[in-house]
Number of protein chains: 2
Amino acid sequence: MVGTGPGSTDYITPAAGKALEACQVVVGYKTYLDLIPEFLVDKEVVSSAMMQEVDRCRKAVELAESGKQVALVCGGDPGIYAMAGLVFEIVIEKKSSIKVDIVPGLAALNSCAARLGAPLMHDFAAVSLSDLLTPWELIEKRLDAAASADFVIVIYNPKSKKRITQLDKAREIILQYRKPGTPVGIVTAATRENEKIEITTLEKLPEAEVNMQSTVIVGNSTSFRWQNYLITPRGYHHKYSLSDK
Amino acid sequence: MVGTGPGSTDYITPAAGKALEACQVVVGYKTYLDLIPEFLVDKEVVSSAMMQEVDRCRKAVELAESGKQVALVCGGDPGIYAMAGLVFEIVIEKKSSIKVDIVPGLAALNSCAARLGAPLMHDFAAVSLSDLLTPWELIEKRLDAAASADFVIVIYNPKSKKRITQLDKAREIILQYRKPGTPVGIVTAATRENEKIEITTLEKLPEAEVNMQSTVIVGNSTSFRWQNYLITPRGYHHKYSLSDK
């Protein structure tokens, strides 16, 4: 499993490059593979826009079982809300003896935080709003818990074409604990050509443009906006002095 | 601000490499700079084991104000529990007009999750046990909230030479909500020569070796151990089938 980060090849680690170089077959979602043509030269490529995630992982496991060295490419970090778990689940169910290595990549939370400045300087919770595989009640419970304990909240999968109400519900839950002026950062398509960065507030979040490629970061009670940055201070009481000596 | 990832240069992105190449001065903690000698050739290097974080950031800001292009090097990801926020706080306080770019790196949670297999497939909370800048009551509240809502919990700064009781207290809080057999992964010095990976349980956590270089990942109610991996399934109810068609 090879993580290729947010999109630009500038964020693919040498470790990921070596794994791609060493393999015979590259399996991946077409959209991601199209971003890394230089790594596909002389490789057997199993790419499909149509194949579902489960089929793609199963295909990669099958190819590995046939004795080939396979790189299953995954945008972002395969270890964060991604395919690493699915591969293990398939390997376990098939009682396969292939060896699985995870090469980490920059996840959306790394790249989006960097684009926003410094929102994740303190404790944070990552919550996906996709209720496809998780009961919505549990997602609500987590949002409530994270908001009540003043975690910075990183919202994955805030919206899709079909799921358009969850972000509003999440906002309502968070507003029970945080001020309407709490800063919120939205990064869409980080590091890609169509990258868009917006900083707004919980109050004005419904007016912001959020889509399938967006990650939303809601500040904690100490987070603030400065210029086009979203910053969370490190400490709740300043034991250090920032001024010149 | 340039993130250099977990330690091995294999995990330094081309974007970070380019930022180091473009700069005139490299500022950083000696331990991190010693890991990347090839990036320091022909650079002015401001390295110190003695300088505190605040002094290091202030020095970097001063050098940038003098007109030099400065790379402030940070292990892991400067955007996750690291120095990015401090740099912004100093820039704001000094009303400095320097431009700050954050080049993300692989954080401990990325590299440790990869080493453990797939623990972060579902919602997770990151909590630092350092009570230097955060009241311990708030840390307890967050642990309680995260445990009660079945978040996978990534524990940063579990122990230091001086702070040795916090991890036991955290374990007690989590045990109010999770079974003693809940799997726990501990990764120490990920990707470095002295890397150590251990998978244990909440019950047996006090017997495990945890130090300043460790990150501890506590599974949620569905996480399980398989061989030497810690795996969290993606869904709470399987809508997909993993078996062959």
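This is a predicted model: local features need pLDDT of at least 70, side-chain atom pairs count only at pLDDT 80 or more; totals for chains, interfaces and linings use all residues.
How many bridges join strand β8 of chain A to β9(A), and do the two run parallel or antiparallel? Six bridges hold strand β8, residues 183-188 of chain A, to β9(A), and the pairing is antiparallel.

Strands β8(A) and β9(A) are part of an open sheet of 10 strands with mixed pairing. Reading across it, the order is β9(A)-β8(A)-β10(A)-β7(A)-β6(A)-β6(B)-β7(B)-β10(B)-β8(B)-β9(B). At the edges stand β9 (196-201) of chain A and β9 (196-201) of chain B, each with a single partner strand, so one side of each is left without a neighbour in the sheet. Going from one strand to the next, the twist averages 15°.

How are the two chains related? Chain B is superposed on chain A by a rotation of 180° with 0.0 Å of shift along its axis, and the RMSD is 0.0 Å. The two copies are thus related as by a two-fold rotation axis. The interface tells a matching story: 100% of the interface residues of chain B are also interface residues in chain A, so the copies meet through the same surface.

In chain A, helix α6 (residues 136-148) lies across β6 (124-128) and β7 (152-156), and the helix runs at about 160° to β6(A). In chain B, helix α6 (residues 136-148) likewise lies across β6 (124-128) and β7 (152-156) of its own chain, at about 160° to β6(B).

Two packed helices are described by the angle between their axes and the distance between the axes. For α6(A) and helix α7 (residues 166-175) of chain A, the axes come within 9 Å and cross at roughly 35°. The crossing of α6(A) past α7(A) is right-handed. On the α6(A) side you will find A:W136, A:E140, A:L143, A:D144 and A:A147, which meet A:Q166, A:K169, A:A170, A:I173 and A:I174 of α7(A). Sorted by class, this contact has six nonpolar, one polar and three charged residues.

In chain A, helix α3 (residues 53-65) packs against helix α4 (residues 84-93) at an angle of about 55°, and their axes are 9 Å apart. α3(A) and α4(A) are therefore oblique to each other, and their crossing is right-handed. The residues A:E53, A:V54, A:C57, A:R58 and A:V61 of α3(A) meet A:L86, A:V87, A:I90 and A:V91 of α4(A). This contact has seven nonpolar, no polar and two charged residues.

Turn to chain B for its own α3 and α4. Helix α3 (residues 53-65) and helix α4 (residues 84-93) of chain B pack at about 55°, with axes 9 Å apart. That angle makes α3(B) oblique to α4(B), and the crossing of α3(B) and α4(B) is right-handed. Here α3(B) contributes B:E53, B:V54, B:C57, B:R58 and B:V61, while α4(B) contributes B:L86, B:V87, B:I90 and B:V91. The classes in the contact of α3(B) with α4(B) are seven nonpolar, no polar and two charged residues.

Our last stop is another sheet in chain B. Which order do its four strands take? They form an open sheet in the order β1-β4-β2-β3, with parallel pairing. The edge strands are β1 (2-3) and β3 (44-48) of chain B, each pairing on one side only. Strand β1(B) pairs in the parallel sense with strand β4 (residues 70-74) of chain B over two bridges. To spot this pairing, look for B:G3, whose bridge partner in β4(B) is B:C74.

Note on methods. Residues are numbered from 1 along each chain as its sequence is written. Chains are lettered from A and ligands numbered from 1 in the order in which they are written. Side-chain values use heavy atoms; hydrogens and water are left out. Copies are superposed by least squares on the C-alpha atoms of residues with pLDDT of at least 70 in both. Contact means heavy atoms within 4.5 Å. Two strands pair if DSSP finds at least two bridges between them. Axes are lines fitted to C-alpha atoms, for helices over the stretch in contact, and angles run from 0 to 180 degrees between N-to-C directions. Angles under 35 degrees count as roughly parallel, over 145 as roughly antiparallel, 65 to 115 as roughly perpendicular and the rest as oblique. A crossing is left-handed if the near helix is turned anticlockwise from the far one by less than a right angle, and right-handed if clockwise. Ala, Val, Leu, Ile, Met, Phe, Trp, Tyr, Cys and Pro count as nonpolar, Asp, Glu, Lys and Arg as charged, and the others, Gly among them, as polar.
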